[in-house]
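Open your viewer and get ready to click along. We'll start with one pair of elements and then zoom out.

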Amino acid sequence: MAEPTKTASEHATEALVLAAQKGDHAAFSRLIADMLPLVRRQSAKYKSILLDSDDLLQEGLLGLMTAVRTYRPGGEASFPTYARVCVNNRIRSALRKVSGAKRVPENELVPWEDNLGAAPSLSLEEMQDLREECKQILDAIETGLSATEKSVLKLFLSGLSYCEIAEKIGSSPKSVDNALQRVRHKLKK
């Protein structure tokens with residue numbers, strides 16, 4: 001069976017992902033700005049009395065950062081598809097964690113039409129606002145977090161569990177949890 005050919009847009013997105021994975025902050029910012037509408041759409045699918053919309057969006061952004069780190073070009077899924085799954089999984093995982101449930105209760109879902117095939121229709125001003133928002137997030141990570149918090153966040157976003165992170169940094173899982181809570185608090189501001 002022949003592999004589907006990729007569009008120029010898909011190739012450009014994959015190039016941004018590869019550059020971001022190599023530490024190119026401009027590529028990472030551009031990718032986050034380009035994908036922010038997807039994160040917003042995914043986080044808008046959920047409602048929770050335990051997590052407000054900002055928390056859900058933040059969890060979605062963490063899912064997007066994980067997608068950037070773990071995506072492997074050349075697979076069957078395009079980056080937007082892979083990112084949508086990572087974002088959705090991250091949000092659902094956060095909802096399960098705060099609710100203590102093994103799965104997200106149906107009453108936590110809000111009906112929503114999936115318009116993934118449609119390109120986001122944003123004005124230049126809206127795109128600039130998104131880029132500025134992404135820059136602020138990256139600046140907050142760079143300047144607002146301690147070295148330990150950055151290290152814990154990086155390991156967490158790479159998919160390690162609290163116990164694995166604790167082992168790598170020579171700490172306890174509770175210390176890892178505390179560091180991640182501080183990260184969430186600082187980034188929420």
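At what angle do helix 1 and helix 2 pack, and how far apart are their axes? Select residues 8-21 for helix 1 and residues 25-44 for helix 2: they pack at an angle of about 135°, with axes 8 Å apart. (Axes are lines fitted to C-alpha atoms over the stretch in contact, and angles run from 0 to 180 degrees between N-to-C directions.) That angle makes helix 1 oblique to helix 2, since angles under 35 degrees count as roughly parallel, over 145 as roughly antiparallel, 65 to 115 as roughly perpendicular and the rest as oblique.

Next, show side chains where the two touch (contact means heavy atoms within 4.5 Å). On helix 1, pick Thr13, Leu16, Val17, Ala19 and Ala20; on helix 2, pick Ala27, Phe28, Arg30, Leu31 and Asp34. By class, this contact has seven nonpolar, one polar and two charged residues. Here Ala, Val, Leu, Ile, Met, Phe, Trp, Tyr, Cys and Pro are nonpolar, Asp, Glu, Lys and Arg charged, and the others, Gly among them, polar.

A quick note before moving on. This is a predicted model, where local features need pLDDT of at least 70 and side-chain atom pairs pLDDT 80 or more, while totals for chains, interfaces and linings use all residues. Numbering starts from 1 along each chain as its sequence is written, and side-chain values use heavy atoms, without hydrogens and water.

Now select everything. You'll find eight helices and zero strands (DSSP runs: H or I, at least four residues, for helices; E, at least two, for strands). Colour by burial: 38% of the 189 residues are buried, meaning under 20% relative accessible area with a 1.4 Å probe.

Definitions and conventions: Buried < 20%, exposed > 50% of the residue type's maximum accessible area, 1.4 Å probe, protein only.
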